[in-house]
Amino acid sequence: MSPNRPVRVAIVGAGPAGIYAADILSKTGLDVSIDLIERLPAPFGLVRYGVAPDHPRIKQIIVALHKVLERGDIRLLCNVDYGVDLKLDDLRAMYDAVIFATGAIRDAELAIPGIDLDGSYGAADFVSWYDGHPDVPRTWPLHAAEVAVLGAGNVALDVARMLAKHARDLLVTDVPANVHEILAASPVTDVHVFARRGPAQVKFSPLELRELGHVPDVDVIVYPDDFDFDEGSMAAIHSSNQTKQVVKTLTDWTLKEPDELTASRRIHLHFLQRPVEVLGADGKVVGLRTERTALTGDGTVVGTGETQDWPVQAVYRAVGYFGSPLVDLPFDELKGVIANREGRVVDVDGEAVPGVYTTGWIKRGPVGLIGHTKSDASETVRHLVEDAGDVTDPGSSFLSATEADPRAVLDFLAARGVEAIEWSGWELLDAYERSLGEVQGRERVKVVPREDMVAVALGRPAGGGGHDGTGH
(Lines give C-alpha, C1' and ligand atoms only; values in the text may rest on other atoms or scores of the structure.)
Protein backbone atom coordinates (compact mmCIF):
# COMPACT_ATOMS: atom_id res chain seq x y z
CA MET A 1 0.00 0.00 0.00
CA SER A 2 1.46 3.34 -1.02
CA PRO A 3 0.30 6.71 0.26
CA ASN A 4 1.61 8.30 -2.94
CA ARG A 5 -1.54 7.80 -4.97
CA PRO A 6 -5.00 9.36 -5.14
CA VAL A 7 -7.81 8.06 -2.96
CA ARG A 8 -9.87 5.80 -5.24
CA VAL A 9 -13.65 6.33 -4.82
CA ALA A 10 -16.49 4.53 -6.60
CA ILE A 11 -19.92 6.16 -6.68
CA VAL A 12 -22.69 3.71 -7.57
CA GLY A 13 -25.54 5.52 -9.36
CA ALA A 14 -25.16 8.26 -11.99
CA GLY A 15 -28.32 10.20 -11.25
CA PRO A 16 -28.29 13.69 -9.71
CA ALA A 17 -27.29 12.35 -6.26
CA GLY A 18 -24.27 10.47 -7.60
CA ILE A 19 -23.13 13.23 -9.94
CA TYR A 20 -23.46 15.91 -7.26
CA ALA A 21 -21.47 13.76 -4.85
CA ALA A 22 -18.76 13.25 -7.47
CA ASP A 23 -18.62 16.98 -8.24
CA ILE A 24 -18.46 18.00 -4.57
CA LEU A 25 -15.84 15.35 -3.78
CA SER A 26 -13.70 16.47 -6.71
CA LYS A 27 -13.52 20.00 -5.24
CA THR A 28 -12.62 19.13 -1.64
CA GLY A 29 -8.86 19.38 -2.12
CA LEU A 30 -8.49 15.65 -1.42
CA ASP A 31 -6.29 13.94 -4.01
CA VAL A 32 -9.00 11.72 -5.41
CA SER A 33 -9.77 9.52 -8.42
CA ILE A 34 -13.53 9.01 -8.97
CA ASP A 35 -15.45 6.42 -10.97
CA LEU A 36 -19.20 6.82 -11.41
CA ILE A 37 -20.81 3.40 -11.91
CA GLU A 38 -24.30 3.22 -13.45
CA ARG A 39 -26.56 0.22 -14.05
CA LEU A 40 -28.28 1.70 -17.12
CA PRO A 41 -26.54 2.37 -20.45
CA ALA A 42 -27.13 6.13 -20.00
CA PRO A 43 -26.48 8.51 -17.09
CA PHE A 44 -28.77 11.05 -15.32
CA GLY A 45 -31.12 8.66 -13.52
CA LEU A 46 -34.54 10.04 -12.62
CA VAL A 47 -33.95 13.25 -14.55
CA ARG A 48 -33.92 11.14 -17.73
CA TYR A 49 -36.35 8.45 -16.61
CA GLY A 50 -38.52 10.06 -13.92
CA VAL A 51 -39.52 13.45 -15.35
CA ALA A 52 -42.52 13.68 -17.68
CA PRO A 53 -41.49 14.37 -21.29
CA ASP A 54 -43.55 17.59 -21.38
CA HIS A 55 -41.39 19.13 -18.63
CA PRO A 56 -38.30 20.26 -20.56
CA ARG A 57 -37.65 22.94 -17.92
CA ILE A 58 -36.86 20.31 -15.31
CA LYS A 59 -34.91 18.29 -17.85
CA GLN A 60 -32.56 21.29 -18.14
CA ILE A 61 -31.01 19.94 -14.95
CA ILE A 62 -29.35 17.43 -17.29
CA VAL A 63 -27.42 20.34 -18.84
CA ALA A 64 -25.80 21.11 -15.47
CA LEU A 65 -25.08 17.44 -14.79
CA HIS A 66 -23.68 17.06 -18.31
CA LYS A 67 -21.20 19.88 -17.65
CA VAL A 68 -19.88 18.09 -14.58
CA LEU A 69 -19.24 14.84 -16.45
CA GLU A 70 -17.82 16.36 -19.62
CA ARG A 71 -14.93 17.92 -17.66
CA GLY A 72 -13.19 14.58 -17.81
CA ASP A 73 -11.96 14.35 -14.21
CA ILE A 74 -14.79 11.94 -13.24
CA ARG A 75 -14.87 8.63 -15.13
CA LEU A 76 -18.29 7.33 -16.13
CA LEU A 77 -18.88 3.57 -16.34
CA CYS A 78 -22.44 2.86 -17.50
CA ASN A 79 -24.06 -0.51 -18.22
CA VAL A 80 -22.44 -1.92 -15.06
CA ASP A 81 -24.91 -3.46 -12.63
CA TYR A 82 -23.90 -3.52 -8.96
CA GLY A 83 -24.85 -6.85 -7.41
CA VAL A 84 -24.74 -8.59 -10.80
CA ASP A 85 -21.55 -7.53 -12.58
CA LEU A 86 -19.64 -6.78 -9.40
CA LYS A 87 -20.28 -6.92 -5.66
CA LEU A 88 -19.12 -5.01 -2.58
CA ASP A 89 -15.99 -7.10 -2.05
CA ASP A 90 -14.97 -6.44 -5.66
CA LEU A 91 -15.42 -2.70 -5.22
CA ARG A 92 -13.52 -2.67 -1.94
CA ALA A 93 -10.58 -4.40 -3.60
CA MET A 94 -10.39 -1.71 -6.28
CA TYR A 95 -11.51 1.39 -4.35
CA ASP A 96 -10.74 2.89 -0.96
CA ALA A 97 -14.30 4.12 -0.51
CA VAL A 98 -17.69 3.50 -2.12
CA ILE A 99 -20.68 5.87 -2.09
CA PHE A 100 -24.05 4.33 -2.96
CA ALA A 101 -26.44 6.75 -4.70
CA THR A 102 -28.89 4.31 -6.25
CA GLY A 103 -32.05 6.32 -5.55
CA ALA A 104 -35.56 5.01 -4.99
CA ILE A 105 -37.47 3.70 -8.00
CA ARG A 106 -40.08 1.35 -6.52
CA ASP A 107 -43.62 2.42 -5.69
CA ALA A 108 -44.41 2.66 -2.01
CA GLU A 109 -47.12 0.24 -0.99
CA LEU A 110 -50.70 1.20 -0.23
CA ALA A 111 -52.32 -1.48 1.90
CA ILE A 112 -56.01 -1.27 1.01
CA PRO A 113 -58.33 -4.05 -0.23
CA GLY A 114 -58.32 -4.50 -4.02
CA ILE A 115 -55.01 -2.74 -4.63
CA ASP A 116 -53.74 -5.84 -6.50
CA LEU A 117 -56.65 -6.02 -8.94
CA ASP A 118 -56.06 -5.97 -12.69
CA GLY A 119 -56.14 -2.28 -13.57
CA SER A 120 -54.37 -1.10 -10.41
CA TYR A 121 -50.89 0.26 -11.07
CA GLY A 122 -47.94 1.95 -9.42
CA ALA A 123 -47.16 5.44 -10.70
CA ALA A 124 -43.43 4.70 -10.81
CA ASP A 125 -44.01 1.88 -13.30
CA PHE A 126 -46.17 4.13 -15.47
CA VAL A 127 -43.58 6.92 -15.37
CA SER A 128 -40.83 4.48 -16.37
CA TRP A 129 -42.97 3.33 -19.29
CA TYR A 130 -43.78 6.76 -20.69
CA ASP A 131 -40.18 7.87 -20.21
CA GLY A 132 -38.87 4.97 -22.31
CA HIS A 133 -36.98 3.19 -19.53
CA PRO A 134 -35.10 0.28 -21.16
CA ASP A 135 -36.00 -2.26 -18.46
CA VAL A 136 -39.80 -2.04 -18.60
CA PRO A 137 -42.28 -3.45 -21.17
CA ARG A 138 -42.93 -1.42 -24.33
CA THR A 139 -46.71 -1.60 -23.91
CA TRP A 140 -49.15 -0.22 -21.34
CA PRO A 141 -52.86 -1.14 -20.95
CA LEU A 142 -54.66 2.18 -21.44
CA HIS A 143 -58.25 0.92 -21.67
CA ALA A 144 -60.02 3.04 -19.03
CA ALA A 145 -62.27 6.00 -19.75
CA GLU A 146 -62.31 6.99 -16.07
CA VAL A 147 -59.17 6.78 -13.96
CA ALA A 148 -58.28 7.43 -10.32
CA VAL A 149 -54.87 8.75 -9.25
CA LEU A 150 -54.10 8.44 -5.54
CA GLY A 151 -51.68 10.99 -4.15
CA ALA A 152 -51.09 14.67 -3.51
CA GLY A 153 -47.62 15.32 -4.90
CA ASN A 154 -46.08 16.30 -8.22
CA VAL A 155 -45.87 12.68 -9.41
CA ALA A 156 -49.67 12.42 -9.04
CA LEU A 157 -50.01 15.59 -11.14
CA ASP A 158 -47.60 14.22 -13.76
CA VAL A 159 -49.53 10.96 -14.04
CA ALA A 160 -52.89 12.75 -14.24
CA ARG A 161 -51.60 15.17 -16.87
CA MET A 162 -49.99 12.46 -19.00
CA LEU A 163 -53.20 10.41 -18.88
CA ALA A 164 -55.45 13.34 -19.78
CA LYS A 165 -53.27 15.19 -22.25
CA HIS A 166 -53.89 14.65 -25.97
CA ALA A 167 -51.01 12.63 -27.39
CA ARG A 168 -50.61 15.04 -30.30
CA ASP A 169 -49.49 17.71 -27.83
CA LEU A 170 -46.55 15.52 -26.79
CA LEU A 171 -45.04 15.33 -30.28
CA VAL A 172 -42.75 18.29 -29.58
CA THR A 173 -41.14 16.34 -26.71
CA ASP A 174 -38.81 13.34 -26.61
CA VAL A 175 -41.73 10.95 -26.03
CA PRO A 176 -40.90 7.57 -27.62
CA ALA A 177 -43.00 6.56 -30.64
CA ASN A 178 -44.47 3.47 -28.97
CA VAL A 179 -45.61 5.60 -26.00
CA HIS A 180 -47.19 8.22 -28.26
CA GLU A 181 -49.00 5.55 -30.25
CA ILE A 182 -50.56 3.96 -27.15
CA LEU A 183 -51.47 7.31 -25.55
CA ALA A 184 -53.12 8.38 -28.81
CA ALA A 185 -55.46 5.37 -28.64
CA SER A 186 -56.45 5.95 -25.01
CA PRO A 187 -60.22 6.32 -24.44
CA VAL A 188 -59.75 8.42 -21.29
CA THR A 189 -62.22 11.21 -20.58
CA ASP A 190 -61.91 11.80 -16.82
CA VAL A 191 -58.99 11.55 -14.40
CA HIS A 192 -59.78 11.87 -10.68
CA VAL A 193 -56.95 12.81 -8.30
CA PHE A 194 -57.62 12.01 -4.63
CA ALA A 195 -55.84 13.64 -1.68
CA ARG A 196 -56.65 12.50 1.84
CA ARG A 197 -55.90 15.90 3.39
CA GLY A 198 -56.99 19.44 2.54
CA PRO A 199 -55.88 21.97 -0.09
CA ALA A 200 -53.33 23.52 2.29
CA GLN A 201 -51.61 20.17 2.90
CA VAL A 202 -50.97 19.01 -0.68
CA LYS A 203 -47.36 18.70 -1.88
CA PHE A 204 -47.92 20.12 -5.37
CA SER A 205 -45.43 22.78 -6.40
CA PRO A 206 -47.13 26.02 -7.50
CA LEU A 207 -45.65 25.90 -11.00
CA GLU A 208 -46.64 22.28 -11.63
CA LEU A 209 -50.16 23.05 -10.48
CA ARG A 210 -50.50 26.15 -12.66
CA GLU A 211 -49.19 24.22 -15.67
CA LEU A 212 -52.04 21.77 -15.17
CA GLY A 213 -54.46 24.58 -15.96
CA HIS A 214 -52.84 25.23 -19.35
CA VAL A 215 -53.11 21.76 -20.89
CA PRO A 216 -55.01 22.15 -24.20
CA ASP A 217 -58.57 20.76 -24.25
CA VAL A 218 -58.35 19.57 -20.63
CA ASP A 219 -60.45 21.20 -17.90
CA VAL A 220 -59.35 21.14 -14.25
CA ILE A 221 -62.32 20.82 -11.91
CA VAL A 222 -62.15 21.52 -8.18
CA TYR A 223 -65.10 21.13 -5.83
CA PRO A 224 -65.94 23.78 -3.17
CA ASP A 225 -67.27 21.03 -0.87
CA ASP A 226 -63.73 19.64 -0.66
CA PHE A 227 -62.34 22.89 0.75
CA ASP A 228 -61.73 23.16 4.47
CA PHE A 229 -59.06 24.99 6.43
CA ASP A 230 -58.26 24.41 10.10
CA GLU A 231 -55.79 26.32 12.30
CA GLY A 232 -52.94 24.19 10.99
CA SER A 233 -53.96 24.99 7.41
CA MET A 234 -54.09 28.74 8.06
CA ALA A 235 -50.68 28.60 9.74
CA ALA A 236 -49.27 26.76 6.69
CA ILE A 237 -50.74 29.35 4.31
CA HIS A 238 -49.34 32.28 6.30
CA SER A 239 -45.90 30.76 6.79
CA SER A 240 -45.29 29.39 3.28
CA ASN A 241 -45.51 31.38 0.08
CA GLN A 242 -45.66 28.12 -1.89
CA THR A 243 -48.69 26.92 0.09
CA LYS A 244 -50.34 30.30 -0.37
CA GLN A 245 -49.86 30.12 -4.16
CA VAL A 246 -51.16 26.55 -4.35
CA VAL A 247 -54.29 27.38 -2.34
CA LYS A 248 -54.93 30.50 -4.46
CA THR A 249 -54.70 28.51 -7.70
CA LEU A 250 -57.05 25.84 -6.37
CA THR A 251 -59.48 28.46 -5.03
CA ASP A 252 -59.57 30.24 -8.39
CA TRP A 253 -60.53 26.96 -10.06
CA THR A 254 -63.50 26.53 -7.72
CA LEU A 255 -64.90 29.78 -9.12
CA LYS A 256 -65.17 28.51 -12.69
CA GLU A 257 -68.68 28.56 -14.10
CA PRO A 258 -70.06 25.36 -15.65
CA ASP A 259 -70.25 26.97 -19.09
CA GLU A 260 -66.48 27.55 -18.94
CA LEU A 261 -65.89 23.79 -18.75
CA THR A 262 -66.05 22.77 -22.40
CA ALA A 263 -62.99 20.52 -22.86
CA SER A 264 -63.26 16.93 -24.07
CA ARG A 265 -61.20 15.68 -21.13
CA ARG A 266 -61.24 16.57 -17.45
CA ILE A 267 -58.95 16.32 -14.43
CA HIS A 268 -60.90 16.37 -11.16
CA LEU A 269 -59.01 17.28 -7.96
CA HIS A 270 -60.65 15.87 -4.82
CA PHE A 271 -59.52 16.77 -1.31
CA LEU A 272 -60.36 15.28 2.10
CA GLN A 273 -60.99 11.90 0.45
CA ARG A 274 -59.09 8.87 1.74
CA PRO A 275 -58.99 5.78 -0.52
CA VAL A 276 -60.22 2.79 1.48
CA GLU A 277 -60.86 0.13 -1.19
CA VAL A 278 -60.36 -0.55 -4.88
CA LEU A 279 -63.58 -2.14 -6.08
CA GLY A 280 -63.45 -5.06 -8.47
CA ALA A 281 -65.52 -7.46 -10.55
CA ASP A 282 -64.14 -10.53 -12.29
CA GLY A 283 -60.71 -9.58 -11.01
CA LYS A 284 -60.71 -6.16 -12.68
CA VAL A 285 -61.01 -2.63 -11.29
CA VAL A 286 -64.52 -1.21 -11.56
CA GLY A 287 -64.42 1.54 -8.96
CA LEU A 288 -62.80 3.24 -6.00
CA ARG A 289 -64.30 3.71 -2.55
CA THR A 290 -63.14 6.74 -0.56
CA GLU A 291 -63.90 7.93 2.94
CA ARG A 292 -64.50 11.60 3.64
CA THR A 293 -61.92 12.89 6.11
CA ALA A 294 -62.03 15.88 8.44
CA LEU A 295 -59.19 18.17 9.52
CA THR A 296 -58.38 17.92 13.22
CA GLY A 297 -56.90 21.38 13.84
CA ASP A 298 -53.21 20.70 13.22
CA GLY A 299 -53.42 19.82 9.51
CA THR A 300 -53.90 16.09 10.08
CA VAL A 301 -57.16 14.28 9.33
CA VAL A 302 -59.45 11.61 10.74
CA GLY A 303 -62.03 9.51 8.94
CA THR A 304 -65.69 10.50 9.21
CA GLY A 305 -67.16 7.13 8.22
CA GLU A 306 -68.90 8.71 5.22
CA THR A 307 -67.92 6.82 2.07
CA GLN A 308 -68.43 7.37 -1.65
CA ASP A 309 -67.93 5.05 -4.62
CA TRP A 310 -66.42 6.39 -7.83
CA PRO A 311 -66.80 4.52 -11.14
CA VAL A 312 -63.25 4.12 -12.48
CA GLN A 313 -61.67 1.35 -14.52
CA ALA A 314 -58.06 1.98 -13.48
CA VAL A 315 -56.26 3.16 -10.35
CA TYR A 316 -52.74 4.60 -10.15
CA ARG A 317 -51.13 4.98 -6.74
CA ALA A 318 -48.68 7.88 -6.52
CA VAL A 319 -48.07 7.70 -2.79
CA GLY A 320 -44.30 7.91 -2.94
CA TYR A 321 -41.20 6.07 -4.06
CA PHE A 322 -39.38 3.43 -2.04
CA GLY A 323 -35.79 2.24 -2.06
CA SER A 324 -34.65 -1.26 -3.00
CA PRO A 325 -32.24 -3.42 -0.99
CA LEU A 326 -28.71 -3.73 -2.34
CA VAL A 327 -26.58 -6.88 -2.20
CA ASP A 328 -24.24 -7.04 0.84
CA LEU A 329 -25.53 -3.77 2.34
CA PRO A 330 -27.57 -3.30 5.54
CA PHE A 331 -31.08 -2.14 4.60
CA ASP A 332 -33.80 -0.48 6.65
CA GLU A 333 -36.94 -2.22 5.36
CA LEU A 334 -39.21 0.21 7.21
CA LYS A 335 -37.78 3.37 5.66
CA GLY A 336 -36.60 1.85 2.38
CA VAL A 337 -33.05 3.17 2.81
CA ILE A 338 -29.53 1.85 3.31
CA ALA A 339 -28.94 1.85 7.07
CA ASN A 340 -26.73 4.88 7.70
CA ARG A 341 -25.85 7.71 10.04
CA GLU A 342 -25.40 11.01 8.17
CA GLY A 343 -24.26 9.09 5.10
CA ARG A 344 -21.91 6.66 6.83
CA VAL A 345 -23.33 3.16 6.28
CA VAL A 346 -23.82 1.32 9.58
CA ASP A 347 -24.13 -2.40 10.34
CA VAL A 348 -26.73 -4.19 12.48
CA ASP A 349 -24.90 -3.08 15.63
CA GLY A 350 -24.96 0.54 14.53
CA GLU A 351 -21.22 0.55 13.84
CA ALA A 352 -19.94 2.42 10.78
CA VAL A 353 -18.86 0.14 7.93
CA PRO A 354 -15.37 1.42 6.99
CA GLY A 355 -15.18 3.09 3.60
CA VAL A 356 -18.87 2.65 2.70
CA TYR A 357 -21.20 5.64 2.36
CA THR A 358 -24.54 6.61 0.85
CA THR A 359 -26.30 9.72 -0.43
CA GLY A 360 -29.56 10.80 -2.08
CA TRP A 361 -32.92 9.07 -1.75
CA ILE A 362 -31.38 5.71 -0.85
CA LYS A 363 -29.81 7.54 2.12
CA ARG A 364 -32.71 9.62 3.42
CA GLY A 365 -35.82 8.43 1.60
CA PRO A 366 -37.59 9.92 -1.43
CA VAL A 367 -38.25 13.40 -0.08
CA GLY A 368 -37.19 16.83 -1.19
CA LEU A 369 -36.35 18.35 -4.53
CA ILE A 370 -33.12 18.02 -6.47
CA GLY A 371 -31.65 20.99 -4.58
CA HIS A 372 -31.85 19.00 -1.35
CA THR A 373 -29.71 16.33 -2.99
CA LYS A 374 -26.75 18.73 -3.14
CA SER A 375 -26.72 19.47 0.60
CA ASP A 376 -27.24 15.77 1.23
CA ALA A 377 -24.18 14.90 -0.87
CA SER A 378 -22.14 17.59 0.92
CA GLU A 379 -22.81 15.93 4.27
CA THR A 380 -21.77 12.50 3.03
CA VAL A 381 -18.66 13.80 1.27
CA ARG A 382 -17.65 15.77 4.38
CA HIS A 383 -17.66 12.55 6.41
CA LEU A 384 -15.71 10.69 3.74
CA VAL A 385 -13.02 13.40 3.73
CA GLU A 386 -12.94 13.37 7.56
CA ASP A 387 -12.47 9.60 7.53
CA ALA A 388 -9.72 9.82 4.94
CA GLY A 389 -7.81 12.13 7.27
CA ASP A 390 -4.19 12.61 6.28
CA VAL A 391 -3.84 9.95 3.64
CA THR A 392 -0.21 10.99 3.07
CA ASP A 393 0.50 9.43 6.46
CA PRO A 394 2.03 5.99 5.79
CA GLY A 395 0.00 4.70 8.75
CA SER A 396 -3.32 5.75 7.20
CA SER A 397 -5.78 2.87 7.08
CA PHE A 398 -7.99 4.60 4.50
CA LEU A 399 -5.94 3.59 1.45
CA SER A 400 -7.29 0.06 1.64
CA ALA A 401 -7.68 -0.88 -2.04
CA THR A 402 -5.33 -3.70 -3.02
CA GLU A 403 -5.87 -3.13 -6.76
CA ALA A 404 -5.91 0.64 -6.97
CA ASP A 405 -4.84 1.00 -10.59
CA PRO A 406 -7.71 2.69 -12.52
CA ARG A 407 -7.34 -0.02 -15.19
CA ALA A 408 -8.19 -2.74 -12.68
CA VAL A 409 -11.96 -2.26 -12.80
CA LEU A 410 -11.96 -2.17 -16.62
CA ASP A 411 -9.96 -5.41 -16.77
CA PHE A 412 -12.25 -6.99 -14.16
CA LEU A 413 -15.40 -6.09 -16.11
CA ALA A 414 -13.91 -7.14 -19.47
CA ALA A 415 -13.00 -10.52 -18.01
CA ARG A 416 -16.65 -10.94 -17.02
CA GLY A 417 -17.88 -9.96 -20.48
CA VAL A 418 -19.39 -6.68 -19.23
CA GLU A 419 -19.40 -3.93 -21.85
CA ALA A 420 -18.85 -0.77 -19.83
CA ILE A 421 -19.92 2.46 -21.51
CA GLU A 422 -17.69 5.45 -20.79
CA TRP A 423 -18.45 9.15 -21.34
CA SER A 424 -17.41 8.99 -25.00
CA GLY A 425 -20.00 6.22 -25.48
CA TRP A 426 -22.74 8.37 -23.93
CA GLU A 427 -21.74 11.18 -26.30
CA LEU A 428 -22.30 8.80 -29.23
CA LEU A 429 -25.72 7.80 -27.92
CA ASP A 430 -26.63 11.42 -27.15
CA ALA A 431 -25.70 12.52 -30.67
CA TYR A 432 -27.63 9.61 -32.18
CA GLU A 433 -30.80 10.45 -30.22
CA ARG A 434 -30.49 14.10 -31.24
CA SER A 435 -30.11 13.08 -34.90
CA LEU A 436 -33.30 11.01 -34.66
CA GLY A 437 -35.09 14.03 -33.20
CA GLU A 438 -33.74 16.44 -35.79
CA VAL A 439 -35.49 14.55 -38.59
CA GLN A 440 -38.81 15.18 -36.79
CA GLY A 441 -38.07 18.72 -35.63
CA ARG A 442 -37.61 17.59 -32.02
CA GLU A 443 -34.68 17.97 -29.63
CA ARG A 444 -34.23 14.20 -29.40
CA VAL A 445 -35.99 10.86 -29.71
CA LYS A 446 -34.93 8.41 -27.02
CA VAL A 447 -33.47 5.06 -27.95
CA VAL A 448 -35.52 2.66 -25.82
CA PRO A 449 -34.29 -0.97 -26.11
CA ARG A 450 -31.25 -1.59 -23.91
CA GLU A 451 -29.46 -3.62 -26.57
CA ASP A 452 -29.76 -0.73 -29.04
CA MET A 453 -28.55 1.80 -26.47
CA VAL A 454 -25.49 -0.34 -25.81
CA ALA A 455 -24.81 -0.93 -29.51
CA VAL A 456 -24.97 2.78 -30.41
CA ALA A 457 -22.84 3.79 -27.41
CA LEU A 458 -20.18 1.25 -28.37
CA GLY A 459 -20.14 2.34 -32.01
CA ARG A 460 -22.03 -0.63 -33.40
CA PRO A 461 -25.17 -0.48 -35.58
CA ALA A 462 -28.44 -0.56 -33.63
CA GLY A 463 -29.97 -4.03 -33.88
CA GLY A 464 -33.51 -5.19 -34.43
CA GLY A 465 -34.87 -3.75 -31.20
CA GLY A 466 -36.08 -0.62 -32.93
CA HIS A 467 -34.63 2.72 -31.88
CA ASP A 468 -37.94 4.14 -30.80
CA GLY A 469 -39.38 1.24 -28.88
CA THR A 470 -41.75 0.17 -31.65
CA GLY A 471 -39.57 -2.64 -32.96
CA HIS A 472 -39.32 -1.14 -36.44
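Predicted model: local features only at pLDDT ≥ 70, side-chain atom pairs only at ≥ 80, totals over all residues.
Local features were taken at pLDDT of at least 70 and side-chain atom pairs only at pLDDT 80 or more, whereas totals for chains, interfaces and linings use all residues. Residues are numbered from 1 along each chain as its sequence is written, and side-chain values use heavy atoms, with hydrogens and water left out.

Helices (H or I, at least four residues) and strands (E, at least two) are DSSP runs numbered from the N terminus. Helix α15 (residues 423–439) packs on helix α16 (residues 450–457) at an angle of about 110°, and their axes are 7 Å apart. Axes are lines fitted to C-alpha atoms, for helices over the stretch in contact, and angles run from 0 to 180 degrees between N-to-C directions. Helix α15 is therefore roughly perpendicular to α16 (65 to 115 degrees). On the α15 side, Gly 425, Leu 428, Leu 429 and Tyr 432 meet Met 453, Val 456 and Ala 457 of α16 (contact: heavy atoms within 4.5 Å). These residues comprise 6 nonpolar, 1 polar and no charged; Ala, Val, Leu, Ile, Met, Phe, Trp, Tyr, Cys and Pro count as nonpolar, Asp, Glu, Lys and Arg as charged, and the others, Gly among them, as polar.

For helix α10 (residues 231–239) and helix α11 (residues 241–254), the axes come within 5 Å and cross at roughly 110°, which means that α10 is roughly perpendicular to α11. Ala 236, Ile 237 and Ser 239 of α10 make the contact with Asn 241, Thr 243, Lys 244 and Val 247 of α11. The division here is 3 nonpolar, 3 polar and 1 charged.

His 180 is placed in helix α8 (residues 177–184). A polar atom of the His 180 side chain lies 3.5 Å from the backbone oxygen of Ala 167. Apart from neighbours within four places in sequence, His 180 is in contact with Ala 167, Arg 168, Leu 171 and Val 175.

The whole structure contains 14 aromatic pairs (rings of Phe, Tyr and Trp, the last by its six-membered ring, with centres within 6.5 Å). One of them, Tyr 121 with Trp 140, is tilted, at 5.1 Å centre to centre and 55° between the planes; planes under 30 degrees apart count as stacked, over 60 as edge-to-face and the rest as tilted.

Terms used. Parallel < 35°, antiparallel > 145°, perpendicular 65-115°, else oblique. Polar contact = N/O pair within 3.5 Å; in protein donor to acceptor, adjacent residues only side chain to side chain.
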